[in-house]
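This report covers domains, chain contacts, cores, rings and backbone geometry. Please keep the sequence and the 3D view open while reading.

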Amino acid sequence: MSADALAPVAGPQPDSTGHFGRFGGRFVPEALVAALDELDGAWRTAMADESFRAEFGALLRDYAGTPSLLYEARRFSAKVGARVLLKREDLNHTGAHKVRNVLGQALLTKRMGKTRVIAETGAGQHGVATATAAALFDLECVVYMGQVDTERQALNVARMRMLGATVVPVTNGSRTLKDAMNEAMRDWVANVDQTHYLIGTAAGPHPFPAMVRDFVRGIGDEARQQCLDLTGELPDAVTACVGGGSNALGIFHAFVGDEAVRLYGFEAGGDGLATGRHAASITGGSTGVLHGTRTFVLQDADGQTLESHSISAGLDYPGVGPEHAWLHDTGRASYLPVTDDEAMAAFELLCRTEGIIPAIESAHALAGTVALAPKLAAELGREPTIVVNLSGRGDKDVHTAGDYFGILDKER
Amino acid sequence: MSRIGVAFDKARADGRALLVGCMPAGFPTVEGSIAAMTAMVEAGVDVIEVEIPYSDPVMDGPVIQRASDIALAGGVRTADTMRIIEAVAATGAPVVTMTYWNPVERYGVDVFARDLASAGGTGLITPDLIPDEADEWLAASDAHGLDRTFLVSPSSTDARLSMTVQHCRGFVYATAVMGVTGARARTSDAAPTLVSRARAVTDLPIGVGLGVGTGAQAGTVAGYADGVIVGSALVRCVLDAPTEADGLAALRTLSAELAEGVRNPTR
């Protein structure tokens, strides 16, 4: 099925200027509008072009290693009280669903005749994925990363440099992901002729949210068919973690039209919503404009962006993709916070029951599933089937998790 | 005609360009920013552009970012900005406000417009709000008699240029370079072309900003534009000064130099 991962489907689409209900749109300097229009045109043309779809499909299959498996996690299921099917995006090349997006955008970059890509990264996963695609496609690559993050994630900085990328530590503002995104925007405004801004999630100005969603929606297309093949039925629920929200939209999209399938997005609740130290933009934020789009934002009474907090660097972002804001508004998907502690308990449970070390991001989806299972079982009067997007692997998180569980040997 | 329009006309009649000087509200403090803007007016700046500090200013370079961070760390609120505008407007100079969109949306677009008008502000420059998304602002600015300055860029297509200036009132802001705010060694080659493209589709005065920092550069820009907009170079006077008094002195010196520049257009 990945051979035609961009085949049109009847899922929800934004209006022609990128609005999902009252969310989305373009809140950008005029200087970027021409580039966004060019990108929008290139994306639409590519979507309609069978040769582009074939090339993308071949890359996903031969290079990224998709379709990823849908694995029935029996020992985990027994602990949880639901039939849990894991969509193994952690097995993709570079270790997460993100490779799908970067390959799609790198192909588009080539089609637009641009020679340079820039990206923002928090923990470094999207930076590594972008650097990977840039190496493969022979593109110059500059990655902006908050200085706080370059220090926390020194190994990923090294990985990006090995792949030939330039990593620029950002020293403005809070020196984290949102500031890296600001800096990437500034670079883009200044160098837009030769440069594509390869945004790492389904956020930002139109067409990024819909375009990124389309590049990763193979996750759900595959999972839906795999679930039917395995169980003969659609699942009762599909769950995913939500930071910017690309992995969640990727798996939700194919199921949005299946009204009986419940969709759950689990946000990073950090220390708990009541503490104010979290990254739950939908459940703990309010409507605002950030990084080019109208969505839910963590902000103060004057509209200044608040710092987010999460044990998971990949979810540590004070906004969310506008399509999620809209799915929340319409009630089609439900969003709930998961605290650091709940996520880490689920992280440990998957390690011990299945021998799979998940990304801490994905552990939020697992923890949400653990809490959801008994409620759904009670409601349905039977064991529910739940498809969980295991969006990434935990290699990058070993240090954080080791620290959390206190299992690292003391410094020599 | 708006107060800004009158000021532009007067400058044009005098054979010179209008000098617009920008300073973030609340930088370095609320009172300090009022003192700085007042000094700028006294030294020859015609119009004060008060920038509302914002946590994520994507159109600004490092100097204005740092000043905005200082203002926010000092606790400046949007309501303080209104007070600053009122104080600066009392000098008699027209005061235009530059703001990213989220603080306005959070304040409430119509309430913001009402309070801005009652503080004596003439209108808004909106770096990340394009007319395509501006329905609420178009209505509020009409209701409260405020000017609307949207940006045009060297990358704007003819169709967008024309659409954008149609939605402007007061003046048009032409961004001289593809990039963010900040003084540059050379003024832009793209700016004269952009200004003449804009003139073909509007009679509104056109201000040019981004990268102007010296009297000579102001003179060059005054040669083809109606307004010369200076931000980072002025902000730097305050940012780099060891004391507030030194900052004000540097600000007066540069303001006077720029005022001289706009009176000696290089044609």
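Domain bounds here come from an automatic or database domain assignment. This is a predicted model, in which local features need pLDDT of at least 70, side-chain atom pairs count only at pLDDT 80 or more, and totals for chains, interfaces and linings use all residues. Residues are numbered from 1 along each chain as its sequence is written, chains are lettered from A and ligands numbered from 1 in the order in which they are written, and side-chain values use heavy atoms, with hydrogens and water left out.

**Domains and chains**

Chain A splits into domain 1 (20-64 + 98-212) and domain 2 (70-95 + 217-405). The C-alpha centres of these two domains of chain A are 23 Å apart. Their contact (heavy atoms within 4.5 Å) takes 33 residues from domain 1 of chain A and 32 residues from domain 2 of chain A.

Buried area is the accessible area (1.4 Å probe) that two parts lose on being put together, summed over both. The table gives this area for two pairs of parts.

| Parts | Buried area | Share from carbon and sulfur atoms |
|---|---|---|
| Domain 1 and domain 2 of chain A | about 2,900 Å² | 59% |
| Chain B and chain A | about 2,900 Å² | 46% |

On the domain 1 side of chain A, A:Phe23, A:Phe27 and A:Arg100 lose the most area to domain 2, together 24% of what that side buries. Between the chains, 34 residues of chain B are in contact with 34 residues of chain A. B:Val58, B:Arg106 and B:Glu133 supply 22% of the area that chain B buries against chain A, more than any other three residues.

**Nonpolar cores**

A nonpolar core is a set of buried Ala, Val, Leu, Ile, Met, Phe, Trp, Tyr and Cys residues joined through side-chain atoms within 4.5 Å. Buried means under 20% relative accessible area, exposed over 50%, and partly exposed in between (1.4 Å probe, protein chains only). The largest core has 160 residues, and B:Met23 and B:Trp137 touch the most other members. Helix α1 (residues 33-47) of chain A gives the largest share, eight residues. Helices (H or I, at least four residues) and strands (E, at least two) are DSSP runs, numbered from the N terminus. Both domain 1 and domain 2 of chain A give residues to this core, so it lies between them. A second, separate core of 33 residues includes A:Phe76 and A:Leu315.

**Aromatic pairs**

Rings of Phe, Tyr and Trp (its six-membered ring) pair if their centres lie within 6.5 Å; planes under 30 degrees apart count as stacked, over 60 as edge-to-face and the rest as tilted. The whole structure holds 14 aromatic pairs over all chains. A:Tyr264 and A:Phe266 are stacked, at 6.2 Å centre to centre with 5 degrees between the planes. Both A:Tyr264 and A:Phe266 are buried. A:Tyr404 and A:Phe405 are edge-to-face, at 5.1 Å and 90 degrees. A:Tyr404 is partly exposed at 35% relative accessible area, and A:Phe405 is partly exposed at 26%.

**Backbone geometry**

Where are the cis peptide bonds? One runs from A:Thr66 to A:Pro67, and another joins B:Phe27 and B:Pro28. A:Pro67 sits in the loop between α2 (50-64) and β3 (70-72) of chain A. B:Pro28 sits in the loop between β1 (18-24) and α2 (30-42) of chain B.

A:Thr94 is not a glycine, yet has a positive phi of about 70 degrees. A:Thr94 is buried, at 14% relative accessible area. A:Asp138, also not a glycine, has a positive phi of about 60 degrees. A:Asp138 is exposed, at 65% relative accessibility.
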